[in-house]
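Here are a few notes from going through the model. Have it open alongside as you read.

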Amino acid sequence: MAKEVAVIFADGCEEVEGLTVVDVLRRLEIPTKMVGLTDRQVMGAHQIALTCDAVVSDDLLTADVVAFPGGRGGAERLRDHKALKSIMVQRQNDGKWNAAMCAAPIAFARYGLFKDADFTCFPGFDQVILSEEPSARFHEDITVVDDQRHLITSRGQLQQWHMLLRLLNNLGLILKRCNMRCCMITYKLNFSKSSGCL
C-alpha cells in the first residue's frame, strides 16, 4: 500500500518549510496532500498565497505521517485549533507518525504529544514547550526522532532536508528511489552513508 503524507498549512506558516516537504515527496511519487487549517486558501508568513488540496478533517487519521511547518503565526494557529488537537491525539494513540519543525512543536506540546518525549525546535521555543510540558526532553540536534511516541521534530528553515530523510526512513522507504540530484543534495548536507543514498 502506498504511503500517504499530509502537510498542514495555516495562515502565517513558513512557506518554504511546508512546500519543501510537499515538493520532495511528490517528486518521489509519494502521495502528499496540502491541507489547510480552516480553508483551502492560506496566506504564508511572507505573503505567498497557497492553495491547498483539502481542509483539516478526520481524513488525517489515515495518513501515515502528518507534518506541521513552522512560522510563529502558523504554529500558534495550529496550537489553538481544538479539532486538530483531537485528531493528532488520536493519531498518536493509533501509533501514527507526526512531524513538526521550527516553531510548530509548540502545537504538539499543547496537544500533550510531548509527554516524556524527546524533541527539538527553533531556538527559544524550547522554553515555551518545556513550560507547557515539563516532562519533555529538549535536544539541540538538527532533527530528533522519538521512536516510542512516533514523533519527528526539526529546528527550522533549510533543516527540513534532514527531517525529510528521517521521515522517509521512518516510512520504511528505500532512499535509492531518490534521483541523482536528491543524492547530490544529501551528500552536500553531509548525510551519512547509512542514509542509503550514497
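**Notes on the model**

1. Glu-29 is exposed, at 68% relative accessible area (exposed means over 50%, buried under 20%, partly exposed in between, with a 1.4 Å probe and protein chains only). Its place is the loop between α1 (15-27) and β2 (32-36); helices (H or I, at least four residues) and strands (E, at least two) are DSSP runs, numbered from the N terminus. Worth a look at the backbone here: Glu-29 is not a glycine, yet its phi is positive, about 65°.

2. A word on what we are looking at. This is a predicted model, where local features need pLDDT of at least 70 and side-chain atom pairs count only at pLDDT 80 or more, while totals for chains, interfaces and linings use all residues. Residues are numbered from 1 along each chain as its sequence is written, and side-chain values use heavy atoms, with hydrogens and water left out.

3. Cys-102 also has a positive phi, near 60°, and is a residue other than glycine. Cys-102 sits in the loop between β7 (97-101) and α4. Is Cys-102 buried or exposed? Buried, with 6% relative accessibility.

4. Now the cysteines. Cys-13 is buried at 1% relative accessibility, and Cys-121 is buried at 0%.

5. On to the packing. The largest nonpolar core has 32 residues, and Phe-68 and Leu-84 are the ones that touch the most other members. (A nonpolar core is a set of buried Ala, Val, Leu, Ile, Met, Phe, Trp, Tyr and Cys residues joined through side-chain atoms within 4.5 Å.) At least two residues of this core come from each of β1 (5-9), β6 (65-68), α2 (72-79), α3 (82-93), α4 (105-111) and α5 (125-132). Which of them gives the most? That is α4, with five residues.
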